[in-house]
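Please read them with the structure open.

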Amino acid sequence: MMGDILSCIAEAVAGSAAWLGRSLSCVCVQRRDSDASSFFDLTLAQEECLQRLQRRIDVPYDSSIIEHQEALRALWNVAFPEEELRGLISEQWKEMGWQGKDPSTDFRGGGFISLENFLFFARNFPKSFQDLLWKREGDRSAWEYPFAVAGVNITFMLVQMLDLEAVKPRTLVGATFLKFLEENESAFDLLYCIAFKLMDHQWLSMRASYMDFNTVMKSTRRELEKELLQEEVLRLEDLPSYKLLSR
């Protein structure tokens, strides 16, 4: 049964566009028709920040690159500091919620930036990272979402929600985020941490099980969009959901 769960969610982030459009990641790819006809102007500094982030987004995970291998090994070390990794391709990775013994196959949905997001989360909010990894908080479902594959899907969701592959943002949410990015180069990584913790909070509040994952992701996206547009939010640390994080 757990293998079926992993396969279902993994295919949602790494599968065909048609599959993405009709299942788990449909929350990520939907746009209102009006969005495509309007753009928000950016300052030169915001354009440069967006371009740097886009370059990160465009980097695929490549298991032949030493830097990528070292980052993957670093992820294991922060996740399981007491357990030695026997190899970058190992059955041990399933403990973290990857679909199989080679995490690189699951990174196709999020690219190298999704691995960077994991590392940022683990290093800056280690308590929250470990709490999510081990599902320590709340009354958990008998069939939980797989931590690692869910994390890759969150990266993908944020890229789509913020319209980060466009030359200029076509939504107010995307334009608002670039103001935060201009002030903090790590804004995307920080928002990832907030989104992951918020997703788990929504999961628990909805008493969700694996069949509800898409519903939970939709709810998470709606809440993030609402919080990002609140007038009193001047930086990401002002988001109400930021308070869910623990170091």
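**Notes on the model**

1. Tyr145 is buried, with a relative accessible area of 1%. Buried here means under 20% relative accessible area, exposed means over 50%, and partly exposed lies in between, with a 1.4 Å probe and protein chains only. The charged end of Lys135 sits over the ring of Tyr145, 4.3 Å from the ring centre. For such a contact, NZ of Lys or CZ of Arg must be within 6 Å of the ring centre and within 35 degrees of the ring normal.

2. This is a predicted model, in which local features need pLDDT of at least 70 and side-chain atom pairs count only at pLDDT 80 or more, while totals for chains, interfaces and linings use all residues. Residues are numbered from 1 along each chain as its sequence is written, and side-chain values use heavy atoms, with hydrogens and water left out.

3. The protein has 11 helices and zero strands. Helices (H or I, at least four residues) and strands (E, at least two) are DSSP runs, numbered from the N terminus. Of the 247 residues, 53% count as buried. The protein exposes about 11,600 Å², and carbon and sulfur atoms supply 50% of that area; the areas come from the Shrake-Rupley method with a 1.4 Å probe, and for residues only the protein chains shown count as cover.

4. Among contacts with a separation of 6 or more, 70% are between residues 24 or more positions apart. A contact means heavy atoms within 4.5 Å.

5. Helix α6 covers residues 112-124, and its 13 residues should span 18 Å at 1.5 Å a residue; the end C-alpha atoms are 18 Å apart, which agrees. The expected span is 1.5 Å times one less than the number of residues. In α6, 10 of the 13 residues are buried, including Phe112, Asn117, Phe118 and Phe121. The cover over these buried residues includes α4 (44-57), α5 (66-79), α7 (126-133), α8 (147-161) and α10 (187-205).

6. Ser128 lies in helix α7 and counts as buried, at 1% relative accessibility. Beyond its neighbours within four places in sequence, Ser128 is in contact with Phe121, Lys197, Leu244, Leu245 and Ser246.

7. The structure holds 18 aromatic pairs. Rings of Phe, Tyr and Trp (its six-membered ring) pair if their centres lie within 6.5 Å; planes under 30 degrees apart count as stacked, over 60 as edge-to-face and the rest as tilted. Phe118 and Phe147 form a tilted pair, 5.8 Å centre to centre with 45° between the planes. Phe118 is in helix α6 and Phe147 in helix α8, 29 residues apart, so the pair links distant parts of the chain. Phe118 is buried at a relative accessible area of 0%, and Phe147 is buried at 1%.

8. Tyr145 and Phe213 also form a tilted pair, 6.3 Å centre to centre with 50° between the planes. This pair links distant parts of the chain: Tyr145 is in the loop between α7 and α8, and Phe213 is in helix α11 (residues 213-228), 68 residues apart. Phe213 is buried, with a relative accessible area of 1%.

9. One aromatic cluster is formed by Tyr61, Trp98, Phe107, Phe118, Phe121, Phe129, Phe147, Tyr192 and Phe196.

10. Helix α9 (residues 172-183) has 12 residues that should span 16 Å, and its end C-alpha atoms are 18 Å apart, which agrees. Buried residues in α9 include Val173, Phe177 and Phe180. The buried residues of α9 pack against α4, α8, α10 and α11.
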